[in-house]
Amino acid sequence: MIWFAICGVGALADAERRPVYKRAARTVAGVYAINQALKFAVRRHRPRLEGLPPLAGTLSGLSYPSAHSATSFAAARMLSPALPVAPLYALAIALALSRPYLGLHYPSDIVAGAALGAALAELRS
């Protein structure tokens, strides 16, 4: 949701770059949809560690690939023509790395999500 908020505020505040923000929001939505389809195709379950419950809730019990990672790297790529690159990718990395910390993903889920999001965004740019 943070990426949609950034796109919405950007589109309202920066009329000249509004098309960049709108395209980024559409890309994030598309990447999310493709990511969910892949999750249901792969059907990898989230990590379960005895005595260490996840620190956040999820929409499903499926983990591969990480939607947070995929949408974050897609958003960073798509927003880079309008906003400084370093903070965009810093946020994308922070969001992606938070997922294993929260007990919701394996590291490979994060890598696959980042690759998926970056690749799909590159196809849209």
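The legends below describe views of a predicted model of one chain.

**View 1. Fold of the chain.** The secondary structure consists of 5 helices and 0 strands. Along the sequence the order of elements reads α-α-α-α-α. The radius of gyration is 15 Å, close to the 14 Å given by the globule rule for 125 residues, so the chain is as compact as a globular protein of that length. Taken along the principal axes, the box filled by the C-alpha atoms is roughly 50 × 25 × 20 Å.

**View 2. Burial and contacts within the chain.** Of the 125 residues, 40% count as buried. Among contacts with a separation of 6 or more, 73% are made by residues 24 or more positions apart in the chain.

View 3. The accessible surface amounts to about 6900 Å². Carbon and sulfur atoms contribute 69% of this surface.

View 4. Helix α2 spans residues 18-42 and includes Asn 35. The relative accessible area of Asn 35 is 0%, and the cut-off for burial is under 20%, so Asn 35 counts as buried.

**View 5. Contacts of Asn 35.** Neighbours within four places in sequence are left aside here. The remaining residues in contact with Asn 35 are Pro 65, Ser 66, Ala 67, Ala 70 and Leu 116. Asn 35 itself lies in helix α2.

Technical notes:
Residues numbered from 1 in each chain as written. Predicted model: local features only at pLDDT ≥ 70, side-chain atom pairs only at ≥ 80, totals over all residues. Heavy atoms only, no water. Helix = DSSP H or I, 4+ residues; strand = E, 2+ residues; numbered from the N terminus. Rg over C-alpha atoms; globule rule 2.2 N^0.38 Å. Buried < 20%, exposed > 50% of the residue type's maximum accessible area, 1.4 Å probe, protein only. Contact = heavy atoms within 4.5 Å. Areas by Shrake-Rupley, 256 points an atom, 1.4 Å probe, with all protein chains shown as cover.
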